[in-house]
Amino acid sequence: MKKVKDCLAALSEPVTMTKKEKVMTIALAALTGLVLGMLISPRKTTSICCGNDNGNYYPSDEEWDEEDSY
């Protein structure tokens, strides 16, 4: 318990940061949020320009056979 109190007491001291350190801290927080948001997001696949007749054919459920696989 004494170590926790000592640690909390050390955190209450004022700390000065340079402008560069502030910018880097903000950039790190923003990029970390973006990466975590991409990893946690429910959407895992993305199709860009869907329907551009690129030759891909995906059969409907009725046309799908158990033997067929991609």
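**Entry 1: the overall layout.** I began with the secondary structure and found that the chain has 2 helices and 0 strands. I also noted that I am looking at a predicted model.

**Entry 2: the surface.** Next I looked up how much of the chain is covered. Of its 70 residues, 0% count as buried. The chain exposes about 7400 Å², and carbon and sulfur atoms supply 63% of that area.

**Entry 3: helix α2.** How far does helix α2 reach from its first C-alpha to its last? I found 32 Å for this helix, which covers residues 19-40 and has 22 residues. That is close to the 32 Å expected at 1.5 Å a residue. I then checked its cover: the number of buried residues in α2 is 0, so this helix lies largely in the open.

Entry 4: I turned to helix α1, which covers residues 2-11 and includes Leu11. Is Leu11 buried or exposed? Leu11 has 64% relative accessibility, so it counts as exposed, because the cut-off for that word is over 50%. Leu11 also belongs to a nonpolar surface patch, together with Met1, Val4 and Leu8. I wrote down about 480 Å² of accessible area for the four together.

Key:
Residues are numbered from 1 along each chain as its sequence is written. This is a predicted model: local features need pLDDT of at least 70, side-chain atom pairs count only at pLDDT 80 or more; totals for chains, interfaces and linings use all residues. Side-chain values use heavy atoms; hydrogens and water are left out. Patches are made of residues with over 30% relative accessible area and no salt bridge: like charges are joined within 9 Å, nonpolar side chains (Val, Leu, Ile, Met, Phe, Trp, Tyr) within 5 Å. Accessible areas come from the Shrake-Rupley method with a 1.4 Å probe; for residues, only the protein chains shown count as cover. A salt bridge is a side-chain nitrogen of Lys or Arg within 4 Å of a carboxyl oxygen of Asp or Glu. Helices (H or I, at least four residues) and strands (E, at least two) are DSSP runs, numbered from the N terminus. Buried means under 20% relative accessible area, exposed over 50%, partly exposed in between (1.4 Å probe, protein chains only). The expected span of a helix is 1.5 Å times one less than its number of residues.
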